[in-house]
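This briefing reviews selected local features of the structure shown below.

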Amino acid sequence: MNLGFAKCGLVLALATTLHAHAAEPLVICVDAANPPFMSSVDGKAAGIYPALVASALQTAGVSAQLDARPWKRCIADIDAGTVGVGGIYKNDERLKKYDFSEQIFVEKMAVYFNKTHALDFTGVDKLLGKRAGVVRGWSYGDEFDKAVKDGKITVEEVAADAQNFQKIAAGRIDAVLAIDEAGTAALKGGKFNDVEKSPKYLFENPTFLAFSKGAKQTDALTKFNKAIADMKKSGQINKIATTELSK
C-alpha cells in the first residue's frame, strides 16, 4: 500500500467532511406562538423576528434556517447549544450563558386589566398579590421574575396571548402582560371591550439574536451585527417591521 497515497486520501476525506460540516446552515429558533413578532404559519416561521433575522443573515452571507417551536423548547435547545434564538431578551442569568447580537428591535411590555377591576399600574409593586397572565417560558424582567419566584406575584402560564385576554375578559385574572403590538392586535375589532391597557409599560426591552457561549458563534454574530447596522441606516428594519405588522 502506498503510504503517501493513503495519507493524501485521508486528508482529502477529512477536508471534505469538514467542508460539509461548515456548510450546514445554522438553525435559528423563534417562538411558535407570539404573533405578530414570531409564530408558526403553515408550518413555517413567520413574523417580525423571522423576517428581520433572515434578512440580516442573508445580507451577512451566513447560511441559516428559521424554525418556529414552543418558546420553552427554544430555550432548552439554545441551552443544549443546538440552535440560536431570535427575538430573545437579555437578563442577568442569560448574560452568563449566551452570546448576544446587537439590538434588533425594541418591545414594549404592556399591562392590561379589566375595566370593571381597574388597575392603577405604576410599577411591579402594583402587581404584588395579584394573578397575572403570562406566556410560558418568557422572562418579564429581573424584578418581575424575582417577585414571582418569591411568591409575591402569582402567574398563570399559557402558550399564547389570546388565552390570557380571554381570561381577563372573563375576570379570571387581574392583569395580562403582553407586548404592545401583540396586545393591540388582540384587542382589534372590539372583541375584548372590557379590557384596557395601562398607560405605563412594565418595561421597554430590546431584543436580540443569541447563541449559547459553548456554540462559539461569535463570528456569525459579528457578521450579523454589521448587517443589522446597515439595515438600520437604510431604514430597512422599520420597513420590514411595518410590513409584518400590517399583515
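This is a predicted model: local features need pLDDT of at least 70, side-chain atom pairs count only at pLDDT 80 or more; totals for chains, interfaces and linings use all residues.

P36 lies in the loop that links β2 and β3. The peptide bond leading from P35 into P36 is cis, with omega near 5°.

- Three strands, in the order β2-β3-β4, make up an open sheet with antiparallel pairing.
- The edges are held by β2 (33-34) and β4 (44-46); each has a single partner strand, so one side of each lacks a neighbour in the sheet.
- Three bridges join β3 (residues 38-41) to β4 in the antiparallel sense.
- Within this pairing, V41 is placed opposite K44 of β4.

**Loop residues with positive phi**
- D42 belongs to the loop between β3 and β4, and its phi is near 55°, a positive value in a residue other than glycine.
- D42 counts as exposed because its relative accessibility is 76%, above the 50% cut-off.
- K216 is located in the loop between β13 (203-212) and α8 (218-234).
- The phi of K216 is also positive, near 50°, and K216 is not a glycine.
- K216 is exposed, its relative accessible area being 69%.

**Helix α3**
- The buried residues in helix α3 (residues 71-79) include W71, C74, I75, D77 and I78.
- These residues span an arc of only 165° around the axis, and therefore lie on the same side of α3.

**Packing of α2 against α9**
- Helix α2 (residues 48-60) and helix α9 (residues 236-245) have axes that come within 9 Å and cross at roughly 145°.
- This crossing of α2 and α9 is right-handed.
- On the α2 side the contact is made by I48, A51, L52 and S55, and on the α9 side by Q236, I237, I240, A241, E244 and L245.
- Sorted by class, the contact between α2 and α9 comprises seven nonpolar, two polar and one charged residues.

**L52 within α2**
- Leaving aside residues up to four places away in sequence, L52 touches I104, F105, M231, I237 and I240.
- Of these partners, I237 and I240 also belong to the α9 side of the helix contact.
- The C-alpha atoms of L52 and G87 are 9.6 Å apart in space, while the two residues are 35 residues apart in sequence.

Note on methods: Residues are numbered from 1 along each chain as its sequence is written. Side-chain values use heavy atoms; hydrogens and water are left out. Two strands pair if DSSP finds at least two bridges between them. Helices (H or I, at least four residues) and strands (E, at least two) are DSSP runs, numbered from the N terminus. Buried means under 20% relative accessible area, exposed over 50%, partly exposed in between (1.4 Å probe, protein chains only). The arc is that of the directions from the helix axis to the C-beta atoms. Axes are lines fitted to C-alpha atoms, for helices over the stretch in contact, and angles run from 0 to 180 degrees between N-to-C directions. A crossing is left-handed if the near helix is turned anticlockwise from the far one by less than a right angle, and right-handed if clockwise. Contact means heavy atoms within 4.5 Å. Ala, Val, Leu, Ile, Met, Phe, Trp, Tyr, Cys and Pro count as nonpolar, Asp, Glu, Lys and Arg as charged, and the others, Gly among them, as polar.
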